[in-house]
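Me: I have a model open and some terms to sort out. Please answer by setting each value against its definition.

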Amino acid sequence: MSKLGKFFKPRASSKSRAAPSPQEALARLRETEEMLSKKQEYLENRIHRELSLARKHGTQNKRAALLALRRKKKLEKQLTQIDGTLSTVEFQREALESAHTNAEVLRGMGLAAKAMRAAHQDMDLNKIDDLMQEITEQQEAAQEISEAFSQRAGLGDDFDEDELLAELEELEQEELNKKMTNIRLPDVPSSSLPAQPGRTPGTVPAAQRARAASSRRADDDDDDIKHLAAWAT
């Protein structure tokens, strides 16, 4: 066995070690991401400083400028490696979070299935059908009882509508007769009016003749009303 194989050979104690939980693994990955992010920030500051030194020396100290650029290149290479490692860690963390979510969803669905199975364990389809049929029968019986009470409560209310209309007409006719009987017309004066000066005695004035004609018409109307009242009764 090569030395490299011996170096990566798992220890005996690691076989008995239990696998970490998803929460522990996610916490470790987040710590790794934070460490790599700090390393990135450190390398970026170093690169910026070496670039400033190279610009400062310029042509005045060419050797120092070249050394600064060489260090900048090495730092940029390390930064590239850190970027790749950080991307891999982020991808692994996202995959683990997704797997953990799926596991939790599956576990929840399994518990729900068990709960439903336990709830339906004591349910019999035939018993449910019998129960629903009994409920329907009780509702129909209650409806019949309500209709029976309402019908009995209305006993004696069946009257002939024609008889009611005839009685109403008789009441209206009686009221009309009372109104016609209570009508009183003005009395006609029995004495003649005194003659006006300048008129020939025995000559009836036109106004008096008009009042006499009106009185006669009133008497005729009174007779007609009496005949109508007698006919109505």
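Reply: Start with helix α4, where Ala64, Ala65, Ala68, Lys72, Leu75, Leu79, Ile82, Leu86, Val89, Arg93 and His100 are buried. The model is predicted, so local features need pLDDT of at least 70 and side-chain atom pairs pLDDT 80 or more, while totals for chains, interfaces and linings use all residues. Residues are numbered from 1 along each chain as its sequence is written, and side-chain values use heavy atoms, without hydrogens and water.

Me: Why is Arg93 called buried?

Reply: Buried means under 20% relative accessible area (exposed is over 50%, partly exposed in between; 1.4 Å probe, protein chains only). Arg93 has 15%, so Arg93 is buried.

Me: What does Arg93 touch, not counting residues up to four places away in sequence?

Reply: Contact means heavy atoms within 4.5 Å. On that count Arg93 touches Leu26, Leu29, Arg30 and Glu33. Leu29 in turn touches Val89, Gln92, Arg93 and Leu96.

Me: What covers the buried residues of α4?

Reply: The cover includes α3.

Conventions: Helix = DSSP H or I, 4+ residues; strand = E, 2+ residues; numbered from the N terminus.
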